Amino acid sequence: MISAEKIPNNVNLSGNKRLQRALEHWQPKYIQWWKEMGPQGFQDYHQVYVRTAISVDPEGWAHFEYVKLPEYRWGIFLADPIHDRKIGFGDFYGQDVWQEVPGEFRNQLRRLIVTQGDTEPASVEQQRLLGQRCPSMYDLRNLFQVNVEEGRHLWAMVYLLHSYFGRDGRDEAEELLERQSGNRDKPRILEAFNEPIDNWLDFFMFTMFTDRDGKSQLMSLSESSLDPLARTTKFMLTEEAHHMFVGETGIARILERTCQLMKMAGFSEDVRTVGGIDIPTIQKHLNQWFSLSLDLHGSEVSSNAASYFANGLKGRAKEDTFDEHVVKNAYYNMEFFEAGKAVTKEVLMRNAMNEVLRDWYVGDCAAGVIRWNRILESHGMSDRLRLPDRKFHRGIGMYSGFHFDPNGVPLSAEQWEKRKYEWLPSAADTEYLLSIMDKPVFEPGKFANYIAPPRRGINQQPINFEYVRREA
Ligand code: BYC
């Protein structure tokens with residue numbers, strides 16, 4: 001039975017019987033999905049020290065408690081309404097925002113919400129085995145925090161589908177639990193969410209780069225004319241920040257440890273001989289998840305994106321920082337790749353909105369890489385990490401039929417086949433990573449050899465706090 005205590009919410013759930021009934025019908029299916037497809041081996045006997053959002057104010061948001069994962073209180077929260085909010089971009093600029101879905105945009109909005117919603121359970125599925133290989137109890141807890149929040153983000157999208165899309169919305173909500181990451185017959189919608197994440201280097205790169213796509217997409221949806229969508233995604237962004245923290249600090253701690261091990265082993269030694277993760281392997285995983293996450297922004301030239309913008313459904317990140325919001329006669333200088341050469345052409349800005357968002361995303365990623373490189377620098381290392389060229393390893397958009405190296409230099413199909421594992425993780429790299437992650441570290445305060453401890457614990461708890469406890 002759904003109640004305000006069980007499902008914390010600020011949408012007056014108990015005052016909306018129709019919605020309450022719809023969610024009551026969906027909830028047991030969600031719990032069944034969570035138990036089958038969520039963290040494996042940590043459903044029944046473990047209690048996890050997690051943060052649960054119980055309201056949108058800073059206090060209610062930072063509520064920490066031990067819970068069994070299937071008993072996490074997945075709540076429904078919208079950021080506070082902005083009084084008299086107006087549409088901020090596109091053809092309806094300056095008009096009142098919508099509290100209901102306009103019939104003519106119903107399909108487009110449903111598609112955007114379903115695509116966003118699909119990524120959330122997908123990521124939980126991708127990460128379901130990681131607990132068995134955790135580098136520490138601190139990291140295990142962070143993994144589960146990320147997982148339960150992705151589950152909450154699914155609830156957020158399901159709330160919108162149930163509230164505003166009637167029968168179709170309810171059907172879509174069911175299908176969100178039926179598609180499965182990596183399933184050949186019923187895969188998840190976007191490609192990056194069908195890739196396995198079976199080791200912690202992948203997990204940290206995923207939370208650094210793919211969750212950052214979550215940030216850029218949610219920022220653009222939080223500008224939406226559909227006010228409930230804008231308010232829902234705005235609150236999701238507060239949780240997204242922690243996911244990127246997990247990714248960025250996870251890699252930072254691996255880099256720290258790699259530097260320490262290299263010093264101990266002597267710089268000419270392969271750090272793998274002392275159980276560390278070498279910088280080329282880190283770079284390959286960066287290449288993999290950055291390029292997959294570039295794909296998540298869609299094609300460079302997209303009539304879908306133009307129409308989302310024109311109709312006010314999906315804007316640019318930080319729309320209010322732009323001078324002009326209708327963007328009817330503006331152009332974007334885009335680089336095309338024609339007959340083996342780069343050619344710059346003008347494209348109508350509205351058609352280039354995916355690329356505009358990707359520009360913002362690349363800038364945000366680049367800042368993170370600079371912070372990582374400071375660690376290498378502080379240890380006197382000459383190695384540096386870098387983002388590969390945007391053309392590298394693309395599966396969506398105009399570069400997808402071609403091959404490029406990380407500098408953006410075109411390659412023939414044969415050259416690519418011969419060299420791709422210089423830049424992307426090979427089966428041997430994965431095998432090595434799994435070999436150093438085969439024994440989970442469950443002892444409080446202990447860390448696997450390949451990663452340094454964090455600077456501080458969660459919620460001012462010590463690093464050796466029992467973040468996950470097993471019931472007797
Ligand atoms: N894989 O016109 P185009 C997150 C399809 S992550 C496979 O360029 P559009 C999270 C596309 O559907 C953020 N297919 O597409 C992170 C279209 O198909 P149709 C998730 C792809 O619509 C970590 C065709 O190619 N949020 O939250 O402009 C953990 C033509 O494409 C892909 C959103 O995605 C792909 N990568 O842009 C947990 C926001 N890309 O019509 C969570 C909502 C494109 O030919 N979604 N296609 O059948 C959107 O805004 C847009 O759907 C996209 C695509 C930006 C994804």
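Predicted model: local features only at pLDDT ≥ 70, side-chain atom pairs only at ≥ 80, totals over all residues.
Helix α1, which spans residues 17–37, supplies the largest share of the positive patch, namely three residues. R18 is located in helix α1. The relative accessibility of R18 is 43%, so this residue is classed as partly exposed.

Salt bridges in the model number 38. One of them joins R85 and D227, with 2.6 Å between the closest N and O atoms. R85 belongs to the loop between β2 and α3, whereas D227 belongs to helix α7 (residues 227–265); the pair therefore ties together parts of the chain that are 142 residues apart in sequence. R85 is buried, its relative accessible area being 15%. D227 is also buried, with a relative accessible area of 3%; the cut-off for this class is under 20%.

A salt bridge is also formed by R110 and E172, whose closest N and O atoms lie 3.5 Å apart. This pair links distant parts of the chain, with R110 in helix α3 and E172 in helix α5, 62 residues apart. R110 has a relative accessibility of 18% and therefore counts as buried. For E172 the relative accessible area is 16%, and this residue is buried.

In the salt bridge between R272 and D278, the closest N and O atoms are 2.8 Å apart. The two partners fall into separate accessibility classes: R272, at 23% relative accessibility, counts as partly exposed, while D278, at 12%, counts as buried. Beyond these pairs, a network of salt bridges links D118, E125, E175, R179 and R188.

For D84, phi is about 60°, and the residue is placed in the loop between β2 (63–68) and α3 (106–126). The loop between β2 and α3 also contains R85, the partner of D227. For A339, phi is about 45°. A339 is part of the loop between strands β3 (331–338) and β4 (341–348). With a relative accessible area of 84%, A339 is exposed, the cut-off for that class being over 50%.

Burial was also noted for a loop residue and for a helix residue. N199 is in the loop that runs between α5 (166–176) and α6 (200–221). The relative accessibility of N199 is 0%, so the residue counts as buried. The side chain of N199 is joined to that of D198 by a polar contact of 3.5 Å. D211 is located in helix α6 and, at 4% relative accessibility, counts as buried. Between the C-alpha atoms of D211 and F42 the separation is 23 Å, and these two residues are 169 residues apart along the chain.

Notes
Residues numbered from 1 in each chain as written. Heavy atoms only, no water. Helix = DSSP H or I, 4+ residues; strand = E, 2+ residues; numbered from the N terminus. Buried < 20%, exposed > 50% of the residue type's maximum accessible area, 1.4 Å probe, protein only. Polar contact = N/O pair within 3.5 Å; in protein donor to acceptor, adjacent residues only side chain to side chain. Salt bridge = Lys/Arg side-chain N within 4 Å of Asp/Glu carboxyl O.
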